[in-house]
Structure formats: structure tokens, C-alpha cells
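Dear colleague,

I am passing on the structure below, followed by notes on what was found in it. Please read the notes alongside the coordinates.

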Amino acid sequence: MSTLHKIIYKILVPIIIMNAIKRILGIVWLAIAALAGYFGIFQFGLPKLATGKQEDLVFGIIILFVLMPIIVGGLAVFGVYALQNEYADEA
């Protein structure tokens, strides 16, 4: 292998590996978004709405209609962009 090939290999291989890691982490982000959505709705939001107390009702509404769209939407956007290779380094 010539010196030029060695230099190119040292530069390109880490970039290729990092891009693969970013795509795998896209799946992880989407899984975390699904888990956060499930726990946010079924463990935190709906039980608070079902109690009937005013402070729990306000907290449940904030979780369901403010926090959950922000959290799940943000994680899902990062996951989809990572799967679409939007964060790839140009080689």
C-alpha cells in the first residue's frame, strides 16, 4: 500500500465508522422517543388527569399537551434526520 493510500485510509475509515454510528443512534433516538411517549402519556399524564384533583389536573394537562409533543417530537426529528444521514460528514 502506498503512502497516499495509507493517508486516505486513515482519513476516510473514521468518517465512515462515525457515519454508521450516527445512523445506528438514529434508531436509538426513535426508540427513546417511543418510550418517552409511552411513559409520558400512560405513566404520568393520564393518571394525573384521572385523579380529579385540581393540581393533578393542571400537571397532567401540562405533561400531555406541552411537554410530550416537545420531548417526543424533538427526539423523533433527531432520529429521522440521523436515519436519513443528514448528519453525515462529507468525505
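Helices here are DSSP runs of H or I with at least four residues, strands are runs of E with at least two, and both are numbered from the N terminus. The model is a predicted one, in which local features need pLDDT of at least 70 and side-chain atom pairs count only at pLDDT 80 or more, while totals for chains, interfaces and linings use all residues. Residues are numbered from 1 along each chain as its sequence is written, and side-chain values use heavy atoms, with hydrogens and water left out.

Let me begin with the aromatic residues. Tyr38 and Phe42 both belong to helix H1 (residues 3-51), where they sit 4 residues apart, about one turn of the helix. In total the structure holds 3 aromatic pairs, a pair being two rings of Phe, Tyr or Trp (its six-membered ring) with centres within 6.5 Å, called stacked if the planes are under 30 degrees apart, edge-to-face if over 60 and tilted for the rest. Tyr38 and Phe39 make an edge-to-face pair, with 5.3 Å from centre to centre and 75° between the planes. For Tyr38 and Phe42, the ring centres are 5.2 Å apart and the planes stand at 45°, so this pair is tilted. Tyr38, Phe39 and Phe42 together form one aromatic cluster.

As for accessibility, buried means under 20% relative accessible area, exposed means over 50%, and partly exposed lies in between (1.4 Å probe, protein chains only). Tyr38 is partly exposed at 42%, Phe39 is partly exposed at 40%, and Phe42 is likewise partly exposed at 47%.

Asp56, in contrast, is buried, with a relative accessible area of 13%, and its place is in helix H2 (residues 54-83). The side chains of Asp56 and Thr51 are joined by a polar contact of 3.1 Å, that is, a pair of N or O atoms within 3.5 Å, where within protein one must be able to donate a hydrogen and the other to accept it, and residues adjacent in sequence count only if both atoms are side-chain atoms. Leaving aside residues up to four places away in sequence, Asp56 touches Lys48 and Thr51, contact meaning heavy atoms within 4.5 Å.

With kind regards
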